[in-house]
Amino acid sequence: MSHSLQFFIPSRAPYLTLQKLPATSSTRFPVINFPIKKHSLAITKSLSSDLDAASSQVLDSGNGQTGAAGVLSADNVVAVPSDSGAAAGIDVDSVTEAELKENGFRSTRRTKLICTIGPATCGFEQLEALAVGGMNVARINMCHGTREWHKMVIERVRRLNEEKGFAVAIMMDTEGSEIHMGDLGGAASAKAEDGEIWTFSVRAFGTPRPERTINVNYDGFAEDVKVGDELLVDGGMVRFEVIEKIGPDVKCRCTDPGLLLPRANLTFWRDGSLVRERNAMLPTISSKDWLDIDFGIAEGVDFIAISFVKSAEVINHLKSYIAAKSRGSDIAVIAKIESIDSLKNLKEIILASDGAMVARGDLGAQIPLEQVPSAQQRIVQVCRQLNKPVIVASQLLDSMIEYPTPTRAEVADVSEAVRQRSDALMLSGESAMGQYPDKALAVLRSVSVRIEKWWREEKRHEAMVLPDVGTSFADSISEEICISAAKMANNLEVDAIFVYTKTGHMASLLSRCRPDCPIFAFTTTTSVRRRLNLQWGLIPFRLGFSDDMESNLNKTFSLLKARGMIKSGDLVIAVSDMLQSIQVMNVP
Ligand SMILES: Nc1ncnc2c1ncn2[C@@H]1O[C@H](COP(=O)(O)OP(=O)(O)OP(=O)(O)O)[C@@H](O)[C@H]1O
Ligand SMILES: CC(=O)C(=O)O
Ligand SMILES: [K+]
Ligand SMILES: [Mg+2]
């Protein structure tokens, strides 16, 4: 039985027709017992076949989606030659593969994990252990380390991806030009004791650094502070009171002792509020940041995270700079929300960006700590509504820098970020210089999987209204398709949603709906695949596909079945951004 429906489409989209799928589709992919079979609609965009039909037949899967029971060791990871055997051209990391085989679709982790790379994790084997443990994105912080060191880390992550089939993305995080201390002349830390007098100065001190002296990067420092001000290091980890100013030198008495770390952030407070005199005029992107950004573009990093964003203009400026400098490449810009100004201009900053980070470390030094949780919730919500990935960062498992188990409060904090359905969680010091980077990652992984499962079982999804984010009618169609597909997936309890997407946009629209099942995102380039690895619920694969959905599905089914990653009878919903349709089918 073949039906054809003609729909009147307004003249703004004359190329759209709405038709029923040919009977062959449902014959090939029988949708047993589901009325949807008979009403499977396809909205066909006839100008869509710009696909490279000859694109490669390689299939890569996402990495490290380890389930609750999915304990995998590094030696499980095998590089599969891409020209081997029946399932020709499959190249897949064994972490995802083993997980799908052993635990099925439902147990895959939806929340993505970011690890800051530092001295504790920069070796090839250490990076590999993180990838096996579920790292989706490796972050390098330009506040620390040399150019050579950053280059080495990028090369190692790349090699890991090439040799083992991972899709670990690289995020470069700029230093920004807020006020911070110097690098302590090479010392790892310095201890400030109660009542000690320290000198903070814009003067650069020689080596060895004189006792109890700290260099400050902001020229206006001595002019802007006043006697009686409170000086907070890293948002209050150590506190000083300003007692005297002598030219460029500011003498301070330690009132809350603690460890000073290299390049720690400095804020000063007067009468209970943050002082932002001329430092409010500091550029968001310093001259050093621009050099780092050039380096990031040249190295082809996947994300550039901009520290201390104050307005949307700086994001727009950077995006056009990247577009001019790196024609064709698509580096995503992540706005770090860590200042009062960024909270004030939140919506427009997020609209201009490709994603945002709740950078709670510095944010907690700029607003009262008790306001950080509500700010986090607001940022996560705005990002979800505007369809931008959001990262919750800093101090998630801070005690694990020193101890092998987290505190109960830390587990509760991680759970809350997962329950808010943020896209990604980030480790900072825990993975950069802590003693238990793998254990910290394992805690993020197991808490994520557990809380996601609990939340699905409870079916306590916030009924979030997802506003239109696109600007064209075609965009609205994509959004409606994704919202409907996600809803159908929940109601029909399907095993997975498949999305065929060249730019990744349809995949992100599906991710925004936070459906109960995982989303297999098939895309043609490794760079889009890596970028999708930041987004909630997406398992990104690279696959050469054509504009013929039936052959794409056939190919995908046989490739995945040959690897044991799906099986006959699994119920799947498929959407694509070429043929705009929703298909429901059992795997043949
Ligand atoms: N590349 C590196 N080399 C040495 N130490 C590093 C490196 N990256 C991070 N660290 C250490 O890990 C700690 C936490 O890392 P993190 O990236 O959170 O830095 P941060 O200084 O707190 O700045 P930010 O506000 O940008 O996050 C740092 O304070 C530093 O001691
Ligand atoms: C990550 C970061 O920059 C912060 O929390 O301040
Ligand atoms: K930074
Ligand atoms: Mg910060």
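How do α12 and α14 lie, oblique or parallel to each other? Hold that question for a moment.

First, the ground rules. This is a predicted model, where local features need pLDDT of at least 70, side-chain atom pairs count only at pLDDT 80 or more, and totals for chains, interfaces and linings use all residues. Residues are numbered from 1 along each chain as its sequence is written, while chains are lettered from A and ligands numbered from 1 in the order in which they are written.

Now the overview. The chain holds 18 helices and 24 strands. Those are DSSP runs numbered from the N terminus: H or I over at least four residues for helices, E over at least two for strands. The chain has 588 residues, and 47% of them count as buried. Buried means 20 or more other C-beta atoms within 10 Å of a residue's own; exposed means 12 or fewer; partly exposed is in between, with C-beta atoms placed from the backbone. Take contacts between residues at least 6 apart in sequence: 70% join residues at least 24 apart. A contact needs two C-beta atoms, placed from the backbone, within 7 Å.

Back to the opening pair. Helix α12 spans residues 408-419 and helix α14 spans 437-458; their axes come within 9 Å and cross at roughly 50°. Axes here are lines fitted to C-alpha atoms, for helices over the stretch in contact, and angles run from 0 to 180 degrees between N-to-C directions. So α12 and α14 are oblique to each other. The cut-offs: under 35 degrees is roughly parallel, over 145 roughly antiparallel, 65 to 115 roughly perpendicular, and the rest oblique. On the α12 side, the contact uses V411, V414, S415, V418 and R419; on the α14 side, L444, V447, S448, I451, E452 and W455. By class, that is seven nonpolar, two polar and two charged. Nonpolar covers Ala, Val, Leu, Ile, Met, Phe, Trp, Tyr, Cys and Pro; charged covers Asp, Glu, Lys and Arg; the others, Gly among them, are polar.

Next pair. Helix α15 (residues 473-492) packs on helix α16 (residues 505-512) at about 45°, axes 9 Å apart. That angle makes α15 oblique to α16. From α15 come S478, E479, C482, A485 and A486, and they meet H505, M506, L509 and L510 of α16. This contact has six nonpolar residues, two polar and one charged.

On to the ligands. Ligand 1 has 17 residues around it, and G118, H144, G145, S428 and A432 come nearest. A residue counts as near when its C-beta atom, placed from the backbone, lies within 6 Å. Its shell has five nonpolar, nine polar and three charged residues. Helices α10 (360-366) and α13 (429-432) each supply at least two of the shell residues.

Which residues are around ligand 2? They are S307, K336, E338, A359, R360, G361, D362, A393, S394 and S428. Helix α10 gives the most, with three residues. The classes run two nonpolar, four polar and four charged.

One residue to look at: Q376, in helix α11 (residues 372-385). Q376 is buried, because 22 other C-beta atoms lie within 10 Å. Leaving out residues up to four places away in sequence, Q376 touches V358, R360 and V392.

R212 is not a glycine, yet has a positive phi of about 50°. R212 sits in the loop between β7 (197-201) and β8 (213-215). R263 is not a glycine either, and its phi is positive at about 60°. R263 lies in the loop between β12 (258-260) and β13 (266-270).
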